[in-house]
Amino acid sequence: MKLASLKEGGRDGTLIVVSRDLSRGVRVPQIAATLQQAIEDWDRAAPALGEVYTALNRGDVPQSFAVDPQELASPLPRAFQFLDGSVYLHHMEKARKARGADMPPNYKTDPLMYQGLSDRFIGPRDPMVVPDEALGLDYEAELAVVLGDVPMGTSAAQASGHIKLLMLLNDFTLRALTRTELPKGFGFMQAKPTSSFSPVAVTPDELGAAWDGEKLDLPILSSINGQPMGRANTGRDMFFTYRALIAHAARTRSLSAGTIIGAGAVSNLDPETGYACLAEKRADEELAGGRATTPWLRWGDRVRIEMLDAGGASIFGAIDNAVAKA
């Protein structure tokens, strides 16, 4: 099934069930007022939401309405925890080389992960506001999972059952600040402003054979101002899968229902698949010609991220954020 949140009802929005073709939605207060409530009571809520979803796709829900992406918040407008990994080592190696940083000595044995801002996410069609173009705003096209409660010590073999939903993610990054923040050794703060997620979150069964329980075998499409940037397959060239990321995060603590885990900017070894962020494109330019020629995002630029099924239909809806001046 497909779930979304309207920009109404408070900071956590109002949960709606969305039809498979993303055209119709219906509020479900009798089941859960918000997606966070549904995730916290998933064993009860999921079957009831599934029945509504089936009826909605049949056209058998009189109170349904046309879905306007402009009226949607992030599926989880805020989350108790947002963790983001970097499992496409091809991307990590290029990004670090471009800023003159060494790779961590254990990057092939332990996933790289940080805890990001999660008290508010912008909606899939909201502007991304930055105070200064000189901060080097970049986008990162990613796939993220939403978890149910995960006990401490959960193994990678047990992790798949805790994945309840999947979403697309634009993990915005201020590249000019990563050069000064990361050497401090405490991770990101100013360099990672808020993120945006796809209009809808989907259950794994919606993805069919493309989802194998730990990775998704589909391309993630990104563009800037209508110009294609990349179409890397999210399931290829993952050094660590979502199972490994979950087990890593839960090694010494439990993860609360609603925790979001991303896997980093998608990057394939095949150069024909393009880029899921500007940093990697600029790194290639520097390696080839001595300097980067592609600019960072500027006020007025628009970033679009989407994923299509085998028939060409949008699975999650599109993230489509314009960059705006604070």
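Q: What do the buried residues of H6 pack against?
A: In this predicted model, the buried residues of H6 pack against the strands S6, S7, S10 (141–147), S11 (163–170) and S17 (260–262), and also against helix H4 (156–159).

Q: And which residues of H6 are buried?
A: Helix H6 covers residues 242–249, and its buried residues include Tyr242, Leu245 and Ile246, along with Ala247 and Ala249.

Q: Which residues have the most contacts inside the largest nonpolar core?
A: Tyr242, which is one of the buried residues of H6, is on that list, together with Tyr139, Leu166, Ile261, Leu297 and Phe316, in a core of 66 residues. Apart from that core lies another, of 34 residues, and among them are Val17, Ala38, Ala45 and Ala144.

Q: How many residues of S1 are buried?
A: The count is 5 of the 5 residues, so S1 is largely enclosed by the rest of the structure. Lys2, Ala4 and Leu6 point one way from the strand, whereas Leu3 and Ser5 point the other way.

Q: Which strands does S1 pair with, then?
A: S1 runs antiparallel to S2 (residues 14–18), with 5 bridges joining the two, and Ala4 has Ile16 in S2 as its bridge partner. S1 also pairs in the antiparallel sense with S14 (residues 201–202) over 2 bridges, where the partner of Lys2 is Val202. A further antiparallel pairing, over 2 bridges, is with S5 (residues 72–73), in which Ala73 stands opposite Ser5.

Q: New topic: what volume does the largest pocket have, and which residues are closest to its centre?
A: The volume of the largest pocket is about 460 Å³. There are 25 residues lining it, and those closest to the centre are Arg96, Leu112, Tyr114, Leu182 and Phe188.

Q: Which element gives the largest share of that lining?
A: That is H3, with 4 residues. At least two residues of the lining are supplied by each of strand S6 (82–85), helix H3 (89–98), strand S7 (113–115) and helix H5 (175–181).

Q: What is the lining like by class?
A: The lining of the largest pocket has 9 nonpolar residues, 8 polar residues and 8 charged residues.

Q: Last one: which way does the phi of Leu22 go, positive or negative, and where is Leu22 placed?
A: Leu22 has a positive phi of about 70° although it is not a glycine, and its place is in the loop between S2 and strand S3 (24–27). Leu22 counts as buried because its relative accessibility is 19%.

Q: What about Asp237?
A: Asp237 has a positive phi near 60°, and Asp237 is likewise a residue other than glycine. Asp237 lies in the loop between strand S16 (227–230) and H6, and at 34% relative accessibility Asp237 counts as partly exposed.

Definitions and conventions: Residues are numbered from 1 along each chain as its sequence is written. This is a predicted model: local features need pLDDT of at least 70, side-chain atom pairs count only at pLDDT 80 or more; totals for chains, interfaces and linings use all residues. Side-chain values use heavy atoms; hydrogens and water are left out. On a 1 Å grid over the protein atoms alone, a cavity is a set of points where a 1.4 Å probe fits but cannot get out, and a pocket is an open set with protein on both sides within 12 Å along at least five of seven lines; lining residues have an atom within 4 Å of a point. Grid points are joined across faces, edges and corners, and a volume is the space filled by probe spheres set on the points. Ala, Val, Leu, Ile, Met, Phe, Trp, Tyr, Cys and Pro count as nonpolar, Asp, Glu, Lys and Arg as charged, and the others, Gly among them, as polar. Buried means under 20% relative accessible area, exposed over 50%, partly exposed in between (1.4 Å probe, protein chains only). Two strands pair if DSSP finds at least two bridges between them. A nonpolar core is a set of buried Ala, Val, Leu, Ile, Met, Phe, Trp, Tyr and Cys residues joined through side-chain atoms within 4.5 Å. Contact means heavy atoms within 4.5 Å.
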